[in-house]
Amino acid sequence: MTDTIQAVLDTIVSFVWGPFFLIPLLLVVGVYLTVRLGGLQFRVLGHALWLALVRRTEGGQAKGDISHFQALSTALAATVGVGNIAGVALAIGVGGPGALFWMWVTGVLGMATKYGEALLGVKYRRPDSKGEMSGGPMFYLRHGFAEKFGPGSGGAKLGLVLGTLFALFGAVASFGIGNMTQANAVSGQLDSTFGVPTWLSGIVMVVLVAAVILGGIKSIGRFAAGVVPFMIIAYVLASIFVLVLYVTEIPAALALIFTDAFTGTSAVGGFLGSAFILAVQQGMARGMFSNESGLGTGGIAAAAAKTAHPVRQAMVSMTQTFIDTIIVVTMTGLVIIVTGAWSSEANTGDGALMTNWAMSEAFGSVSPGLAPVGGAIVAISLMFFAFTTLVGWSYYGERCMDYLVGRRAVFPFRVVFVLVVYVGATTELSIAWAFSDAANGLMAIPNLIGLLVLTGVIVAETKKYFADPDWKNPDLVDARQQ
């Protein structure tokens with residue numbers, strides 16, 4: 001029975017994430033939004049980073065539950081996870097160094113996609129029965145389609161169906177990608193690196209996750225804002241240390257990334273060879289798995305932010321993809337390539353072990369006694385990344401449950417979510433990984449359809465916001481509108 005389920009899930013994953021379905025759809029939506037928005041992710045990135053990392057909060061008539069920075073940190077908590085360490089290494093190990101190029105493509109185009117998701121998430125958000133904001137694809141599919149096509153129309157009914165499907169897939173996926181696989185990664189690292197029994201890791205994680213998520217989005221936001229920035233900075237600094245050690249290898253690594261992106265490591269048939277397709281497939285799939293642009297979750301996190309302007313929070317949310325992919329993913333990818341881990345005996349199909357080998361090799365080159373330090377850095381980083389993903393995804397799952405059932409389902413969902421952490425920490429999860437990949441893809445489909453249909457709304461809101469000559473001065477704009 002287990003083998004049958006695994007085979008079915010593998011078939012679904014190979015189709016959904018194959019080169020002829022979701023990947024082209026992701027590319028089309030990313031390119032389309034980039035063109036319609038005039039390359040906004042390039043033009044306003046500096047201002048967006050200032051809003052997110054320097055200004056951080058919004059005053060005036062802002063409505064919401066958490067600050068810009070807390071919303072960004074919550075989104076980063078959910079996305080900077082196992083995929084940034086194990087997923088990147090696996091993509092390069094299977095698809096070659098060129099896969100990193102396609103992850104960059106996913107990141108650059110994904111910034112426009114994430115911008116659109118966040119803008120719509122804020123525009124169509126609604127307060128729940130306790131006054132907390134709920135938003136995301138399920139809301140903009142339902143209310144956005146009704147607004148565009150008219151209440152009761154066929155388009156409105158389609159939006160309702162698509163929104164419900166997204167919420168179903170999201171609620172279920174939160175137990176896979178957002179829970180069991182992450183808990184399993186943490187317990188596995190603690191066991192292999194420090195000899196901690198998985199049952200003990202499971203109990204500790206249950207207690208810690210409960211302490212954070214049972215308090216709701218405000219508790220999650222405070223936790224994410226306090227932990228996520230330091231977690232990312234520490235990992236990036238460790239990666240930079242490795243790159244400094246291998247600085248002479250960087251030019252050759254970059255050249256290999258760009259050439260391999262279009263030929264494949266062992267391309268047979270040149271541009272149309274199977275190795276090229278594999279590089280694209282691995283890069284795009286793992287890129288989206290890492291930054292979640294196109295998945296729709298960015299709209300859920302953005303909807304919780306205190307903001308009076310959908311465009312303003314959309315710019316902040318856009319920086320999440322930049323930080324996740326262009327910075328963190330690049331660090332892991334370059335470390336894997338410059339150390340030669342991708343073409344060494346470390347390439348055994350386990351991405352976490354490959355990254356561990358790369359860091360250990362680099363630190364060991366300074367002094368053999370430092371090799372364990374490199375491995376410990378990867379293990380600790382992976383544990384923090386996975387744990388924060390658990391916390392971030394708990395919020396996505398509860399918002400989906402709130403949409404489907406109502407506020408009464410939120411607390412029971414949190415309790416079940418906490419208990420499932422123990423199951424993930426102590427159980428073999430080959431099926432859960434395949435299930436997570438399938439659920440991810442199924443979530444993306446209704447969301448991407450919604451983004452295409454509602455592109456006009458995204459463009460109109462954007463043009464209206466940037467038509468104000470004082471848009472770079474939020475305080476002046478807010479004061480004038482009060």
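Predicted model: local features only at pLDDT ≥ 70, side-chain atom pairs only at ≥ 80, totals over all residues.
Residues are numbered from 1 along each chain as its sequence is written, and side-chain values use heavy atoms, with hydrogens and water left out.

Two packed helices are described by the angle between their axes and the distance between the axes. Helix α9 spans residues 154-194 and helix α17 spans residues 371-404; the two pack at an angle of about 155 degrees, with their axes 8 Å apart. Here helices (H or I, at least four residues) and strands (E, at least two) are DSSP runs, numbered from the N terminus. Axes are lines fitted to C-alpha atoms, for helices over the stretch in contact, and angles run from 0 to 180 degrees between N-to-C directions. The angle makes α9 roughly antiparallel to α17, a label for angles over 145 degrees, whereas those under 35 count as roughly parallel, 65 to 115 as roughly perpendicular and the rest as oblique. The crossing of α9 past α17 is left-handed, meaning that the near helix is turned anticlockwise from the far one by less than a right angle. By class, the contact between α9 and α17 has 24 nonpolar residues, 11 polar ones and no charged ones. In this scheme Ala, Val, Leu, Ile, Met, Phe, Trp, Tyr, Cys and Pro are nonpolar, Asp, Glu, Lys and Arg are charged, and the others, Gly among them, are polar.

Side chains of opposite charge can pair when their charged atoms come close. The whole structure holds eight salt bridges, each a side-chain nitrogen of Lys or Arg within 4 Å of a carboxyl oxygen of Asp or Glu. One of them joins D128 to R399, with the closest N and O atoms 3.1 Å apart. Because D128 sits in the loop between β1 (126-127) and β2 (133-134) and R399 in helix α17, this pair ties together parts that are 271 residues apart in sequence. D128 is buried at 11% relative accessibility, and R399 is buried at 0%; buried means under 20% relative accessible area, exposed over 50% and partly exposed in between (1.4 Å probe, protein chains only).

R399 also meets D402 in a salt bridge of 3.9 Å, N to O. These two residues are three apart in helix α17, so about one helical turn separates them. D402 is buried too, with a relative accessible area of 9%. A further salt bridge connects E398 and R414 at 2.7 Å, N to O. This pair links distant parts of the chain, E398 being in helix α17 and R414 in helix α18 (residues 410-426), 16 residues apart. Both partners are buried, E398 at 1% relative accessibility and R414 at 6%. A network of salt bridges links D128, E132, E398, R399, D402, R407 and R414.

Two other residues round out the picture. R126 lies in strand β1 and is partly exposed at 33% relative accessibility. Leaving aside neighbours within four places in sequence, R126 is in contact with E132, M133, S134, F139 and H143, where contact means heavy atoms within 4.5 Å. S317, in helix α15 (residues 310-338), is buried with a relative accessible area of 8%. With neighbours within four places in sequence again left aside, S317 is in contact with K114, A118 and A302.
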